[in-house]
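Here are my notes on the two-chain model you asked me to look over. Have the coordinates open while you read.

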Amino acid sequence: MTKSLLTYCGILLLLPACVFSQANRHQPLDRDLIEALEPGQSTAQDVVRALGAPTEVVQLGRRSAYRYDASVSKNVGLFLILVALHGGDTQEDRAWFFFDEDELLTHRAATLAAKHADFQLPVIDE
Amino acid sequence: MSRIKKESLAPWQCQLAWGRTVGLALALCVSSCLSARLAHNHEFEEPRADGRLRPGSTGLEQCLAELGAPLLVREHLDGALLAWGWSDERAFGLNLSLPLDNFYSANLSYARSIDGLRGLVLFFDDAWRLKQMRRGYLAEILPDERTRPALVD
C-alpha cells in the first residue's frame with residue numbers, strides 16, 4: 001500500500017516536469033517519385049510535375065539545380081528540482097536535381113532521414 | 001556512542017530525525033542554491049566518406065552516391081561547390097547561488113559546450129570534376145559567396 005502510494009507520488013511529481021515537442025517542415029519526400037526521375041531522360045518540367053515547386057532553385061552558370069526538402073525536429077526536456085535535461089534531434093529529407101543548360105536532368109541525389117528523428121534525453125543516449 | 005543513542009530512541013523518533021534531514025535537503029534544493037543543466041542537440045547525420053573521393057578524378061555522380069544529398073549547392077567561380085553539414089552539440093552547466101545579505105547574493109556558474117555545424121565542402125570545375133575537398137567547421141571552410149556576372153542572352 002505504502003509502496004504503491006510512493007510510486008504514484010513519484011510519477012505525479014515527475015509528470016509535470018516533462019516536455020515533448022515535435023516540429024515538421026514540409027511534406028516528407030517520396031522515394032519512388034524521386035527514383036522515377038531518370039538522369040538523361042527527365043526534364044525540369046518532369047521534376048516539377050512529379051514533386052511540385054522546389055524549395056530552392058540555384059543558378060549554376062547556364063545550368064541549374066533544384067532543392068526539395070522536409071524536416072522533422074523532436075525535442076524532449078526533463079526539468080527536475082536540481083537538474084534540467086534537454087535533448088533535441090533534427091533530421092531532414094533532402095533531394096537535389098541538377099540540370100544542364102537545356103533543362104535536362106543530369107544528376108540527382110536524395111537523402112531521406114526525417115523519419116529517423118528521435119526523442120532522446122542526454123543521459124540515455126551517451 | 002551513536003549506536004547506543006540510536007538504540008535508545010523509539011522508532012517514531014528515528015523516523016522524525018530522518019524526516020528532518022530530508023526536509024532540510026529539500027528546502028535547500030527548492031531554494032535553487034545549486035542547479036545543473038545537461039543538453040544534447042543533434043542535427044543531421046554525418047555522411048560516410050570512405051576516402052574513395054579523389055580530387056582530379058572523381059565526378060559528381062560518385063560524390064553524390066557516396067555522400068547523399070548535400071545541404072548546400074552554390075555557384076563558385078567557374079564551377080560549383082557542394083556542402084554537407086551536421087552537428088552534435090553537447091552542453092553542461094552548473095549554477096550555484098548563495099544569499100549573502102539582505103540585498104546581495106553570490107552567483108557562480110560554469111558552462112561547457114562543444115558546438116558548431118561541422119561539414120565537408122567539395123569544389124567542382126565546370127565539367128563536374130572534383131577539384132578540392134575541405135573538412136572542418138562549415139562557417140570556417142565555406143568561402144565567401146562569389147558568383148560571376150549574370151549572363152546576357
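1. Start with A:Ala84, whose bridge partner in β1(B) is B:Arg37. That pair belongs to a parallel pairing of β4(A) with strand β1 (residues 34-43) of chain B, with eight bridges in total. Strands and helices here are DSSP runs numbered from the N terminus (E, at least two residues, for strands; H or I, at least four residues, for helices). Two strands pair if DSSP finds at least two bridges between them.

2. Some housekeeping before the rest: this is a predicted model, in which local features need pLDDT of at least 70 and side-chain atom pairs count only at pLDDT 80 or more, while totals for chains, interfaces and linings use all residues. Residues are numbered from 1 along each chain as its sequence is written, and chains are lettered from A and ligands numbered from 1 in the order in which they are written.

3. Back to the interface. Chain A puts 29 residues into the contact and chain B puts in 25 residues, where contact means C-beta atoms, placed from the backbone, within 7 Å. On the chain A side, β2 (56-60), β4 (83-99) and β5 (105-112) each supply at least two residues. The largest share of that side is from β4(A), with 13 residues. By class, the chain A side has 15 nonpolar, nine polar and five charged residues. For those classes, Ala, Val, Leu, Ile, Met, Phe, Trp, Tyr, Cys and Pro count as nonpolar, Asp, Glu, Lys and Arg as charged, and the others, Gly among them, as polar.

4. The hairpin of β2(A) and β3(A) has two residues between the strands, and A:Gly61 takes a positive phi near 70 degrees in it.

5. β3(A) also pairs with β4(A), again antiparallel, over 16 bridges. One place to check this is A:Ser64, which stands opposite A:Phe99 in β4(A). This hairpin has three residues between its strands.

6. Which residues touch the most other members of the largest nonpolar core? They are A:Ala65, A:Ala95, A:Trp96, A:Phe97 and B:Leu122, out of 29 residues in the core. Contributions of at least two residues each come from β3 (63-79), β4 and β5 of chain A and from α3 (60-67), β3 and β5 (118-124) of chain B. β4(A) has the largest share of this core, five residues. A nonpolar core is a set of buried Ala, Val, Leu, Ile, Met, Phe, Trp, Tyr and Cys residues joined through C-beta atoms within 7 Å. As for A:Phe97, leaving aside neighbours within four places in sequence, this residue contacts A:Val47, A:Ala65, A:Tyr66, A:Leu105 and A:Arg108.

7. Is A:Asp93 buried or exposed? This aspartate is in strand β4 of chain A, and counts as buried because there are 24 C-beta neighbours inside 10 Å. The cut-offs are 20 or more other C-beta atoms within 10 Å for buried, 12 or fewer for exposed, and partly exposed in between, with C-beta atoms placed from the backbone. Beyond four places in sequence, A:Asp93 contacts A:Pro28, A:Leu29, A:Asp69, A:Ala70, A:Leu112, A:Ala113 and A:Ala114. A:Asp30 is 63 residues away from A:Asp93 in sequence, with 9.3 Å from C-alpha to C-alpha.

8. Over to chain B, which has four helices and six strands in the order α-α-β-α-β-β-β-β-β-α. Of its 153 residues, 14% count as buried. Among contacts in chain B between residues at least 6 apart in sequence, 55% join residues at least 24 apart.

9. Strand β2 (residues 72-76) of chain B runs antiparallel to strand β3 (residues 79-99) of chain B, and five bridges join them; B:Leu72 partners B:Ala83. They form a hairpin with two residues between them, and B:Leu77 in the turn has a positive phi of about 50 degrees.

10. Last, B:Lys131 in strand β6 (residues 130-137) of chain B. This lysine counts as partly exposed because 15 C-beta neighbours lie inside 10 Å. Not counting residues up to four places away in sequence, B:Lys131 touches B:Pro55, B:Gly79, B:Phe123, B:Phe124 and B:Asp125. B:Gly56 is 75 residues from B:Lys131 along the chain, yet their C-alpha atoms are separated by 5.5 Å.

Note on methods
Two residues are in contact if their C-beta atoms, placed from the backbone, lie within 7 Å.
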